[in-house]
Amino acid sequence: MSSTHFDIAIIGAGAAGLHLALAIKKESFFTNKRILILEKSAKDQNDRTWCFWEKEDGLWEDIVTKQWSRGHFFTANKSIPLALAPYRYKMIKAIDFYRFAKDEIASSPIFTWVSDDVLSVETAAAISIKGATSTYTADYVFDSRIPEKFHATNDHYTRLLQHFKGWIIRTEEDSFDPEQFTMMDFRLLQPETCSFTYVLPLNKREALVEFTLFSGNLLQEDTYDTMLKTYVRDILKIADYTIIEQEKGVIPMSDFPFEKYSIGKHIRIGTGGGWVKPTTGYSFKNCERNARKIVENLMLGRNANDGLISKKFRLYDSLFLDILNRKNYMGPALFETMYSKIPVQKIFAFLDDETNFKEDLGIMSKFRSKHFMQAFINYITRSWNT
Ligand SMILES: Cc1cc2nc3c(=O)[nH]c(=O)nc-3n(C[C@H](O)[C@H](O)[C@H](O)COP(=O)(O)OP(=O)(O)OC[C@H]3O[C@@H](n4cnc5c(N)ncnc54)[C@H](O)[C@@H]3O)c2cc1C
């Protein structure tokens, strides 16, 4: 085997690529394989905070910054307490995950980590990867880059953005209950949009406060700051504080069929593989689940991407996205219906694609059916027209 040929190449050592590498490392099946990781950045920055829910202890307890079993959901009219058990809502700093994964990878001889910017991938008997500094070949390529076609908008798919800015603030006096977080707070809105703030208290004097929109267009940079300032002053009633860290981000919320751009043994993963839940923007747990599934598929000789995307839940996501896209102002009411009428455990299971059809019908019956009927008609019409 040539020194630039690998059994598996993973393009991108972000959430998806690292979850996949960690899942591979656990299995003796891969002991004699050669795994290449191609990453263009140093992965030494705390460039995001990941939150997710899971039942009790999970794989990441050692690097979880903080976890909560109780939370709140707020609208102008309602304050809904959320008792999550058996779930817990957990927060991980990306830098802790990168460090953990990089140490694990460095401790195993099967991995080769190369710093390179992948320019293109050509599919033949062995797949060829052209980087800025070298060319590599591999039997399987797992690729975190987003397919070019996603950026061409001349199709019928819905493309919304989850965009947000957050501050970790520190106060001089005790200001937070560290045992309770705010899942979504719709008391402060950008007019006519699905916009909310969430609060993740780290201790009595520090919290991540993040203003978020699910909408079509980004805001001016200073508008996020104004909303955060207003929320801290008017809703949290905090006058004196210091901003000790900031984060901002944009996550695609789309029913674009990313998985169709997985061809043969060139498999799209992560955001580029459609692993971001279109209606929530969450993907950390999906990356963990799908990485495990890929490893199982490889060990059983199946297609690597079998069973990664559920058509049923993709349809539900499409309908919900269509409503948010056409009637963005309805977002707060839709989420209020969800959190006031459905137990949070059921919501989490539904968002994890784990509910059965009967449970799905029970959940959907809580919403006003005319909006979903309209979305369904739109869906059928769009599908026929392509
Ligand atoms: C600020 C922020 C906060 C988020 N918070 C949450 C959260 O709380 N919970 C949650 O579930 N999800 C969250 N998400 C969404 C999602 O989990 C993340 O975006 C996740 O990182 C997606 O994983 P990924 O591997 O697809 O992309 P990334 O983690 O971005 O990794 C992609 C990697 O590929 C590398 N790369 C890209 N192009 C090339 C190339 N040409 N050559 C070589 N390397 C390349 C990049 O450098 C990067 O390291 C958040 C996203 C952002 C941006």
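This is a predicted model: local features need pLDDT of at least 70, side-chain atom pairs count only at pLDDT 80 or more; totals for chains, interfaces and linings use all residues.
Reader: Which residues come nearest to the ligand?

Author: Gly12, Gly14, Ala15, Gly249 and Gly270 come nearest, out of 32 residues around the ligand.

Reader: How do the residues of that shell divide into nonpolar, polar and charged?

Author: There are 14 nonpolar, eleven polar and seven charged residues in the shell.

Reader: Which helices and strands each supply at least two residues of the shell?

Author: Helices H1 (15-25) and H4 (284-300) do, along with strands S2 (35-39), S3 (49-55) and S16 (241-254). S3 gives the largest share, four residues.

Reader: And which domains does the shell draw at least three residues from?

Author: Domain 1 (5-48 + 94-153 + 256-300) and domain 2 (159-253) each contribute at least three.

Reader: Switching to Gly58. Where is it found?

Author: Gly58 sits in the loop between S3 and strand S4 (64-68).

Reader: Why does Gly58 count as partly exposed?

Author: Because Gly58 has 15 other C-beta atoms within 10 Å, and partly exposed lies between 12 or fewer for exposed and 20 or more for buried.

Reader: How far apart are Gly58 and Met299?

Author: They are 241 residues apart in sequence and 23 Å apart in space, C-alpha to C-alpha.

Reader: Now the largest nonpolar core. Which residues touch the most other members?

Author: Ala9, Leu20, Ala21 and Ala138, in a core of 92 residues. H1 supplies the largest share of this core, seven residues.

Reader: What does Ala9 touch, not counting residues up to four places away in sequence?

Author: With those left out, Ala9 touches Leu36, Leu38, Ile129, Tyr136, Ala138 and Val141.

Conventions: Residues are numbered from 1 along each chain as its sequence is written. A residue is near a molecule or strand if its C-beta atom, placed from the backbone, lies within 6 Å of it. Ala, Val, Leu, Ile, Met, Phe, Trp, Tyr, Cys and Pro count as nonpolar, Asp, Glu, Lys and Arg as charged, and the others, Gly among them, as polar. Domain bounds come from an automatic or database domain assignment. A nonpolar core is a set of buried Ala, Val, Leu, Ile, Met, Phe, Trp, Tyr and Cys residues joined through C-beta atoms within 7 Å. Two residues are in contact if their C-beta atoms, placed from the backbone, lie within 7 Å.
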